[in-house]
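The sequence and structure are shown first, and the description follows.

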Amino acid sequence: MRPWRAVVLGLAAVYFLMPLIAAAEFSLRVPGGYGPTNYLAVVRDAALFEAVLTSLGIALLTAALTLVLVVPTAVWVRLRLPGLSGLLESVTILPIVIPPVVMAAGIAFVQANLGGPVFRELFASSTTALTPFYVVLAVPFAFRAIDNGLAAVPLRTLVEAARNLGAGRATTLVRVVLPTIRTAVLGAAFLTLALVLGEVVIARILLYTDTFPVAVVEVGRTAAGVSVALSLAALVLTWLLLLAVSFAGGRTGRSR
């Protein structure tokens, strides 16, 4: 079966790599030849650079809130209510099932009917407005990454040992559980980062035009090469981060 494996892997490589190679070639085109001009657009364009910083801020805040929400919940369910694991998996998959357009329409309706200066101030900035909704979108990916990490370690034994040694719940979670599932936590964080850097539907419908994905779409109307270059750079950056997480996880496992 080895020749067939090589054929299948070769076809898969062609299917996935050819569009990336074509995009890279197109992004390097400049008048008179090839060059990195399109990739330097972030440095030259102040608005585009500000959009990158805004999306990175949203991504970091979203990752932090997602981990604070998911990690204790996943640990608690595995220790106290293991019978609810199936229900929790079904509930956390709902953000994937519901189309982003429907979610954005519901969010727009809520924004239009909210009153009071506090709520208006909350939705005045893209960071404070989009972060809660991106947390909802990131929960399915983060929960499965964290849950797989917890399934690979003797969680109950670790927690009981820490509690017997006098550690409190917070200490057990921070100093015992989190270092054990460090690779899963980093994977969940980087998946959240990739989601925020690629989500354009909700931000576009809600008219938050200062995020990186929306800026890439707008730039593509006048400079297709810059848009392709920025999209490819974001894709490669995300892939390198995930590769670094996998390498760190494998290295940690070998050292242990």
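Predicted model: local features only at pLDDT ≥ 70, side-chain atom pairs only at ≥ 80, totals over all residues.

Leu207 belongs to the loop that joins helix H12 (201–205) to H13. The backbone at Leu207 has a positive phi of about 65 degrees, although Leu207 is not a glycine. Most residues other than glycine have a negative phi.

## Overall architecture

The secondary structure of the chain consists of 14 helices and 2 strands. Taken along the principal axes, the C-alpha atoms fill a box of roughly 70 × 65 × 30 Å.

Of the 256 residues in the chain, 34% are buried. Among contacts with a separation of 6 or more, 73% are between residues 24 or more positions apart.

## Packing of H3 against H13

Helix H3 (residues 46–80) packs against helix H13 (residues 212–220) at an angle of about 150 degrees, and the two axes lie 8 Å apart. H3 and H13 are therefore roughly antiparallel to each other, as angles over 145 degrees count as such.

On the H3 side, the residues that meet H13 are Leu48, Ala51, Val52 and Ser55; their counterparts in H13 are Phe212, Pro213, Ala215 and Val219. By class, the residues of this contact comprise 7 nonpolar, 1 polar and no charged.

## Packing of H4 against H8

H4 contributes Leu88, Glu89 and Thr92 to the contact, while H8 contributes Val139, Pro140, Phe143, Arg144 and Asp147. The residues of the contact of H4 with H8 divide into 4 nonpolar, 1 polar and 3 charged.

## The largest pocket

The largest pocket holds about 370 Å³ of space. Its lining is made up of 14 residues, and those nearest the centre of the pocket are Val75, Leu79, Arg80, Val159 and Arg169.

At least two lining residues come from each of H3, helix H9 (155–164) and helix H10 (169–180). In the lining of the largest pocket, 8 residues are nonpolar, 1 is polar and 5 are charged.

Thr66 is located in helix H3 and counts as buried, because its relative accessibility is 1% and the cut-off for burial is under 20%. Beyond its neighbours within four places in sequence, Thr66 is in contact with Val135, Ala138, Ala142 and Thr192. The C-alpha atoms of Thr66 and Pro132 are separated by 9.3 Å, although these residues are 66 residues apart along the chain.

Val214 is part of helix H13 and, at 0% relative accessibility, also counts as buried. When neighbours within four places in sequence are left aside, the residues in contact with Val214 are Val200, Ala203, Arg204, Tyr208 and Thr209. Val214 and Arg144 are 70 residues apart in sequence and 28 Å apart in space, C-alpha to C-alpha.

Phe247 lies in helix H14 (residues 224–255). With a relative accessible area of 52%, Phe247 is exposed. In sequence, Phe247 and Thr183 are 64 residues apart, and in space they are 9.5 Å apart from C-alpha to C-alpha.

Gln111, in helix H6 (residues 100–113), counts as partly exposed at 22% relative accessibility. Not counting residues up to four places away in sequence, Gln111 touches Phe123, Leu206 and Tyr208. The C-alpha atoms of Gln111 and Leu122 are 9.9 Å apart, with the two residues 11 residues apart in sequence.

How values were computed. Residues numbered from 1 in each chain as written. Heavy atoms only, no water. Axes fitted to C-alpha atoms, helices over the stretch in contact; angles between N-to-C directions. Helix = DSSP H or I, 4+ residues; strand = E, 2+ residues; numbered from the N terminus. Parallel < 35°, antiparallel > 145°, perpendicular 65-115°, else oblique. Contact = heavy atoms within 4.5 Å. Nonpolar A, V, L, I, M, F, W, Y, C, P; charged D, E, K, R; others polar. 1 Å grid on protein atoms, 1.4 Å probe; cavity = no way out; pocket = protein on both sides within 12 Å on 5 of 7 lines; lining within 4 Å. Points joined across faces, edges and corners; volume = space filled by probe spheres on them. Buried < 20%, exposed > 50% of the residue type's maximum accessible area, 1.4 Å probe, protein only.
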